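Subject: Structure handover

Hello,

Please find the structure below, with its sequence. My notes on helix packing and pockets follow.

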Amino acid sequence: MDSVVTLEHVRKSFGDFVAVHEAHLSVGRGEFFSLLGPSGCGKTTTLRLIAGFELPDEGRVLLEGKDVSRVPPYRRNVNTVFQHYALFPHLTVRDNVAFGPRCRKLPRPEVERRVQGMLEAVHLVPYADRKPAQLSGGQQQRVALARALVNYPTALLLDEPLGALDAKLRQAMQAELKRLQREVGIAFVYVTHDQGEALTMSDRIAVMNEGRLEQVGSPEEVYHSPTTAFVAGFIGAANLLPARVVSLGEGRAAIAVAGDQPAEAAAPTWRAEPGQGATLMVRPERLRLAENGQGVSARLTAVVFQGAVVRCSLRTPDGSELVAHVGSDRPSPALETGRNYRLQWDPDAARLLPPPTQGAGAPLDAGVAGGSPVGPPAAASSTFHP
């Protein structure tokens, strides 16, 4: 991959607090790369290290193969868009976008060509002569993007630029931002704490936790094949259960979960031994409910209709909480709260993760991580037919 941004074992601390631990990653040319994680995980500090607003204590920052670790921000060929767009209120849209090329003293025809091209790319030609106060929040955001892109940076750095928008406009701007990125072909490094936003727009995602890179991969990889319990719980909703490895076979692992009940999962990608503890991860949509047969026994405690799916909360004999999403297009038994069912899944749909430890990937309680909390217990027995 032709890397335009590279971090080589970068570390950054503020006093005794280490904000970024040994960050090592690269961003390809034309790639939409997201830094995803909870507040305080180090993602904004990582972005600021790329921009030059912070200098690394250790390691190197490279732009197109050149070490810029000690180069000031104004000499790095990157631009940053913040949550607050900081547009010049006294300038028109056209003059806001033209500000950068004019500062670089480019010839007037080149400035006009670039500005017109950017206004067309962000669909703001009809608003070129308006002031920022005459624009909506989404239009102001597009002006900020055009102003940042008009200088043709090596990479565009975006620090939660959609955070100030309402939910509906935010969703619309996600598609707009991805369209613009593909059209201009410039690498975007995008900071967000919104999992859905990262999954929707990214080519690759770096999941951060307590200053460490937990996993870097495509949206499909981090969702379906998380490497740690933290990633499994942070990306979407996940059932996380303590497990014990019984035996390892060709592509399969026999395990014991939920009160020593037998189950299967895909073979772990980490070194595991029979008898070793682990964490089982199964997404709610990958679980099936059956009245009998094989599977993990669990009691149905609550049923919630959510339109496309029915959300079933269950409790195993050892007290572990799980959630299953039953789709209206899948066969399912009548759902009666207080009744025992068999939870089944395809072995390839379950992942066996290393047991979480202190530090990176803090311990997670057994049960459901991410998404909505487990629904309240039913007040009385009821029957639901999906």
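In the contact between helices α2 and α3, the α2 side consists of Val-93, Arg-94, Val-97, Ala-98, Pro-101 and Arg-102. These meet Val-111, Val-115, Gln-116, Met-118 and Leu-119 of α3. By class, eight of the residues in this contact are nonpolar, one is polar and two are charged. Please keep in mind that this is a predicted model.

Helix α3 covers residues 108-121, and its axis lies 9 Å from that of α2. The angle between α2 and α3 is about 130°. Angles over 145 degrees would count as roughly antiparallel and 65 to 115 as roughly perpendicular, so α2 is oblique to α3. The crossing of α2 and α3 is right-handed.

Helix α2 (residues 93-103) also packs against helix α4 (residues 137-149). Here the angle is about 30° and the axes are 7 Å apart. Since angles under 35 degrees count as roughly parallel, α2 and α4 are therefore roughly parallel to each other. This pair, α2 and α4, also has a right-handed crossing. From α2 the contact takes Val-93, Asn-96 and Val-97, and from α4 it takes Val-143, Ala-146 and Arg-147. Four residues of the contact of α2 with α4 are nonpolar, one is polar and one is charged.

The next pair is α4 with helix α5, which runs over residues 167-184. Their axes are 11 Å apart, at an angle of about 20°. By the cut-off of 35 degrees, α4 and α5 are therefore roughly parallel to each other. The crossing of α4 and α5 is right-handed. On the α4 side the contact is made by Gly-137, Gly-138, Gln-141, Arg-142, Leu-145 and Leu-149. On the α5 side the residues are Leu-169, Met-173, Glu-176, Leu-177, Leu-180 and Val-184. The contact of α4 with α5 divides into seven nonpolar, three polar and two charged residues.

How much space lies in the largest pocket? The volume is about 560 Å³. The largest pocket is lined by 22 residues, of which Asn-79, Thr-80, Arg-147, Ala-148 and Asn-151 are the closest to its centre. Which elements give two or more residues to the lining of the largest pocket? They are β6 (78-81), α2 and α4. Strand β6 gives the most, with four residues. The lining of the largest pocket has 13 nonpolar, six polar and three charged residues.

The second largest pocket holds about 190 Å³ of space. Its lining is made up of Pro-262, Ala-263, Glu-264, Gln-294, Gly-295, Val-296, Leu-343, Gln-344, Trp-345 and Pro-347. Strands β13 (261-266) and β20 (340-344) each supply at least two of the residues that line the second largest pocket. The largest share comes from β13, with three residues. By class, the lining of the second largest pocket has six nonpolar, three polar and one charged residues.

Regards

Key. Residues numbered from 1 in each chain as written. Predicted model: local features only at pLDDT ≥ 70, side-chain atom pairs only at ≥ 80, totals over all residues. Heavy atoms only, no water. Axes fitted to C-alpha atoms, helices over the stretch in contact; angles between N-to-C directions. Left-handed = near helix turned anticlockwise from the far one by under 90°. Contact = heavy atoms within 4.5 Å. Nonpolar A, V, L, I, M, F, W, Y, C, P; charged D, E, K, R; others polar. 1 Å grid on protein atoms, 1.4 Å probe; cavity = no way out; pocket = protein on both sides within 12 Å on 5 of 7 lines; lining within 4 Å. Points joined across faces, edges and corners; volume = space filled by probe spheres on them.
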